[in-house]
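Let's walk through this model together, going from one part of the chain to the next. Have the structure open and follow along.

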Amino acid sequence: MLKARITGTGAALPDKILTNADLERMVDTSDEWITIRTGIKERRIASDGEFTSTLSVGAARSALEMSGVAADELDLIILGTVTPDFPFPATACIVQQELGAVNAAAFDISAACSGFVYGLSIAEKYIQTGAARNILVIGAEVLSRIVDWTDRNTCILFGDGAGAAIVQASQDEAGLLSTHIFSNGSYWNTLYQPGCGSRNPATKQSTIDERLFFIKMEGNDVFKHAVRAMEEAACAALTANNMTPSDISLFIPHQANRRIIDATTKRLGVPSDKVFLNLHHYGNTSSASIPITLDEANRAGRLKSGDIILLTAFGGGFSYGSALIRW
Ligand code: UT7
């Protein structure tokens, strides 16, 4: 069967940095609290002219350049985001136009922080069935536009950015070994944006006064489920491939909270030197976190030919999943 192989990665991050010290001046918090409870020290914030599409295009261009694929050779563009440029059309269509990817069908998926792993899973199926050969998968967010900057429970967590991967059909041993995606809708309202959809359409009262435009989160509930779900998704990947945690060369989990990552890796038995972290610099960038981290690890030379790389994601929905890759 054809393998889906990642042949290029890219990332784009806004220049503007918001530090914990900056947040101390905005809400009742401290660098010490944020560092101990989350591991985050700073995050990137989009400037006025930056949107989910512009960051996506930046990440996509880097990934295309690394892979040597031309934009007009792309068959499909899949973009995971919960902060599209507009509710419609799909931000992926704006990216298609900007890249000149005239032969690609383009669509967005809404799987919150799992958007990139969901996208990889879709790409894998298109390639295995022969329906596409060159696919651009993007995770991109401008969460700063839907963060409530008066809510210390959430505003310290999130950041903006985009990451991308080119996934190509290949006959090699290397490539995606498996993807697993899961949902648990029982908890949809523990992490969500209540306003501006069909349930709470935009009005001054709902959108502005009741602040329904902004992210709402039950942090403790999300935390507990994140650890269990990422462990479940990781185990599904290892079991499907007859592997154990000792086979993993590098573990790239969704970068939401250092304590979630530490608890997950402890339960899995993955040593800390095999875990790639960058949340201290970027915070939680939702669907962008895994592809940004994958690109950073790739460009740092941490992904060697034949390495087994495990990605695990968890986010609103709940949505979660894993991808196991032979690099
Ligand atoms: O991307 C996937 C989805 N997102 C996540 O995975 C996030 C999951 N949740 C978390 O990361 C954590 O739950 C948080 C970092 C959001 C919160 O950490 P926690 O250890 O669960 O804290 P908590 O919500 O239990 O709050 C503990 C205390 C509370 O004070 P009291 O009630 O004990 O007096 C909060 O009011 O910390 C207080 N607190 C803060 N204090 C200083 C909450 N936020 C802050 C803050 N600065 N920013």
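Start at the interface of domain 1 and domain 2, where the rule finds zero salt bridges, a salt bridge being a side-chain nitrogen of Lys or Arg within 4 Å of a carboxyl oxygen of Asp or Glu.

Before going on, a word on the ground rules. This is a predicted model, where local features need pLDDT of at least 70 and side-chain atom pairs count only at pLDDT 80 or more, while totals for chains, interfaces and linings use all residues. Residues are numbered from 1 along each chain as its sequence is written, and side-chain values use heavy atoms, with hydrogens and water left out.

So who are the two partners? Domain 1 covers 3-172, and domain 2 is made of 177-185 + 218-326; these bounds come from an automatic or database domain assignment. Taken over C-alpha atoms, their centres are 16 Å apart. Domain 1 puts 44 residues into the contact and domain 2 puts in 40, with contact meaning heavy atoms within 4.5 Å.

Together they bury about 3000 Å², 60% of it from carbon and sulfur atoms. That figure is the accessible area (1.4 Å probe) that two parts lose on being put together, summed over both. On the domain 1 side, Cys113, Val117 and Tyr118 lose the most area to domain 2, together 21% of what that side buries.

Now for the ligand, which has 23 residues around it, with Thr29, Arg37, Asn220, Asn257 and Asn284 coming nearest; to count as near, a residue needs a heavy atom within 4 Å. Asn220 holds a polar side-chain atom 2.6 Å from a ligand oxygen, and for Asn257 the corresponding distance to an oxygen atom of the ligand is 2.7 Å.

Most residues other than glycine have a negative phi, and most peptide bonds are trans. The bond from Phe88 to Pro89, though, is cis, with omega near 5°, and Pro89 sits in the loop between β4 (76-80) and α4 (91-99). Helices (H or I, at least four residues) and strands (E, at least two) are DSSP runs, numbered from the N terminus. Gly317 to Phe318 is also a cis peptide bond, with omega near -20°, and Phe318 is in the loop between β12 (308-315) and β13 (319-326). Asn242 has a positive phi of about 50° without being a glycine, in the loop between α8 (219-240) and β11 (250-253).

Conventions:
Polar contact = N/O pair within 3.5 Å; in protein donor to acceptor, adjacent residues only side chain to side chain.
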